[in-house]
Each structure stands twice: as structure tokens, then as C-alpha cells.
Amino acid sequence: MNDLEPNELYNLIGKNIKYFRKLYNLEVDKMTQENLAELVDVSTALIRKFRKR
């Protein structure tokens, strides 16, 4: 994998969060940012930080 600048990495993580939450919502059930944060043991503020970029 190529070296990414911090901004690029944040953007990539944010896009992945969006993509996989949508996929989960379509196939399983609604997943909120709060559900995701609890599942991966991080704060909701961190999830929001990635999604805003």
C-alpha cells in the first residue's frame, strides 16, 4: 500500500465507515454511529471525526 498523508488516511477511513455502515444497514439492520463506536470500542466523537472529513 502506498504511503498516505494523514488527511488522505482520514478520508479513506471515513469513506470506509460510510460504505460498510450502508452495507450493514441494507443487509442486516440499522447501525448508528453510537452502535459502531461501541462495537469497535472507541468514542462516538472519534467516529464523527472520521466521517466529517
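Buried means under 20% relative accessible area, exposed over 50%, and partly exposed in between. The model shown in these views is predicted.

View 1. The chain has 3 helices and 0 strands. Read from the N terminus, its elements follow the order α-α-α. The C-alpha trace spans about 35 × 20 × 15 Å along its principal axes. Of the 53 residues in the chain, 17% are buried. The chain exposes about 4,500 Å², and carbon and sulfur atoms supply 52% of that area. Among contacts between residues at least 6 apart in sequence, 39% join residues at least 24 apart.

**View 2. Tyr10 and Phe50 form a tilted aromatic pair.** The structure holds 2 aromatic pairs, and Tyr10 with Phe50 is one of them. A pair of aromatic rings is described by the distance of the centres and the angle of the planes. For Tyr10 and Phe50 the ring centres are 5.3 Å apart and the planes stand at 40°, so the pair is tilted. Tyr10 belongs to helix H1 and Phe50 to helix H3 (residues 44–52), so the pair ties together parts that are 40 residues apart in sequence.

**View 3. Tyr19 and Phe20 form an edge-to-face pair.** The ring centres of Tyr19 and Phe20 are 4.8 Å apart. Their planes meet at 85°, so the pair is edge-to-face. Planes over 60 degrees apart count as edge-to-face. Tyr19 has a relative accessibility of 47% and so counts as partly exposed.

**View 4. Arg21 is buried and has no salt bridge.** Arg21 lies in helix H1, which covers residues 6–27. Where is the nearest side chain of opposite charge to Arg21? That side chain is Glu34, 6.9 Å away. A salt bridge needs a side-chain nitrogen of Lys or Arg within 4 Å of a carboxyl oxygen of Asp or Glu, and Arg21 has none. Leaving aside residues up to four places away in sequence, Arg21 touches Met31, Thr32, Gln33 and Leu36.

**View 5. Four nonpolar residues form a patch on the surface.** The patch consists of Leu39, Val40, Val42 and Leu46. Together these residues have about 330 Å² of accessible area. One of them, Val40, is placed in helix H2 (residues 33–40). With 45% relative accessibility, Val40 counts as partly exposed.

**View 6. Asp41 sits in the loop between H2 and H3.** This view shows the residue Asp41 in that loop. Is Asp41 buried or exposed? Its relative accessible area is 69%, so Asp41 is exposed. The phi angle of Asp41 is near 60°, a positive value in a residue other than glycine. Asp41 and Tyr24 are 17 residues apart in sequence. In space, the C-alpha to C-alpha distance between Asp41 and Tyr24 is 18 Å.

Definitions and conventions. Residues numbered from 1 in each chain as written. Predicted model: local features only at pLDDT ≥ 70, side-chain atom pairs only at ≥ 80, totals over all residues. Heavy atoms only, no water. Helix = DSSP H or I, 4+ residues; strand = E, 2+ residues; numbered from the N terminus. Buried < 20%, exposed > 50% of the residue type's maximum accessible area, 1.4 Å probe, protein only. Lys, Arg positive; Asp, Glu negative; His and termini not counted. Contact = heavy atoms within 4.5 Å. Phe/Tyr/Trp six-rings, centres within 6.5 Å; stacked < 30°, edge-to-face > 60°. Patch = residues over 30% accessible without salt bridge, like charges linked within 9 Å, V, L, I, M, F, W, Y side chains within 5 Å. Areas by Shrake-Rupley, 256 points an atom, 1.4 Å probe, with all protein chains shown as cover.
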